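Here is a short tour of the ligand surroundings in this entry. Please keep the sequence and the 3D view at hand as you read.

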Amino acid sequence: PPALVVDNLRKVYRNGVEALKGVSLTVQPGDFFALLGPNGAGKSTLIGILSSLVNASSGDARVFGRSVARERSEAMRLIGLVPQEINFNQFEKPFDICVNEAGFYGIPRKLAAERAEKYLKELRLWDKAFHQAREMSGGMKRRLMIARAMMNEPRLLILDEPTAGVDIEIRRSMWHFVSAINAAGTTVILTTHYLEEAESLCRNIAIIDHGTIIENTSMKRLLATL
Ligand code: ADP
Ligand code: ADP
């Protein structure tokens, strides 16, 4: 099955805002996919539905064939989410942050410790693994959220505007590691409101505006039409 099928997804918030007006798109396994759109377009709402933080009003999404509405826990296991804002406890240690995340997925302690070591090393955070997270630089904190999202070895890694408010050096280092994760076989979706950010990284792109997909094509074709 595709990594992601979004099928006529609608979301109306309680205040009446129609954030998604029948969104459909498909992401193939192994892709590095961009969801591009201005602020307020509906990106976070879509990511929220995929990661079970938001309930859709109608429509469904399937992650490697698993419905987020009907097979929520199976779908959740296949997804790793890197949120927009740093949301770990800064007084905890990166190693514990990763191991605790694994615990949430029911991963046995020994395997969790092995994975934490593996991903903290891959993301060049191992020398900070046993210090409080607040001692790390902004870029390291971002990478820690990627390491944490990898703990259940997701087949689909979703990054929600991961570089908002982040400087160029930090962005480069994040993309270096995310590209390596993608090269190793993990499907990656990132949301952004900068085409420049998506164009060098992503193979395929969907553009969302006012809750509607207005373009869905390969990056090559999109750039050729500009
Ligand atoms: P983006 O991530 O592309 O900036 P969002 O999905 O955050 O877009 O927002 C889409 C629309 O839904 C916007 O008009 C926003 O104000 C509205 N919205 C987002 N979250 C909520 C919420 N919890 N309650 C009501 N309206 C919301
Ligand atoms: P927001 O609307 O989310 O507040 P901003 O316009 O404040 O976004 O920019 C967020 C961050 O993105 C800033 O640190 C800015 O330096 C950076 N940024 C600016 N231009 C680009 C670009 N072309 N690609 C990626 N990041 C950029």
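Sorted by class, the shell around ligand 1 holds five nonpolar, six polar and one charged residues. In this sorting Ala, Val, Leu, Ile, Met, Phe, Trp, Tyr, Cys and Pro count as nonpolar, Asp, Glu, Lys and Arg as charged, and the others, Gly among them, as polar.

A word on the ground rules: this is a predicted model, in which local features need pLDDT of at least 70 and side-chain atom pairs count only at pLDDT 80 or more, while totals for chains, interfaces and linings use all residues. Residues are numbered from 1 along each chain as its sequence is written, chains are lettered from A and ligands numbered from 1 in the order in which they are written, and side-chain values use heavy atoms, with hydrogens and water left out.

**Ligand 1**

Which residues surround ligand 1? They are Y13, N15, V17, A19, P38, N39, G40, A41, G42, K43, S44 and T45, where a residue is near a molecule if one of its heavy atoms lies within 4 Å of it. Helix α1 (residues 43–50) gives the most to this shell, with three residues; helices here are DSSP runs of H or I with at least four residues, numbered from the N terminus.

Taken alone, ligand 1 exposes 560 Å², and the protein buries 63% of that (Shrake-Rupley method, 1.4 Å probe).

**Ligand 2**

Around ligand 2 you will find N39, G165, V166, R171, H193, Y194, E196 and E197. By class, this shell has two nonpolar, three polar and three charged residues.

| Residue | Distance to a ligand 2 oxygen |
|---|---|
| N39 | 3.2 Å |
| H193 | 3.5 Å |
| Y194 | 2.7 Å |

On its own, ligand 2 has 570 Å² of accessible area, of which the protein covers 52%.

**Cysteines**

How many disulfides are there? The count comes to zero, a disulfide being a pair of cysteine sulfur atoms within 2.5 Å. C98 counts as buried because its relative accessibility is 0%, with buried meaning under 20% relative accessible area (1.4 Å probe, protein chains only). C202 is buried as well, at 5%.

Conventions
Buried < 20%, exposed > 50% of the residue type's maximum accessible area, 1.4 Å probe, protein only. Helix = DSSP H or I, 4+ residues; strand = E, 2+ residues; numbered from the N terminus. Polar contact = N/O pair within 3.5 Å; in protein donor to acceptor, adjacent residues only side chain to side chain.
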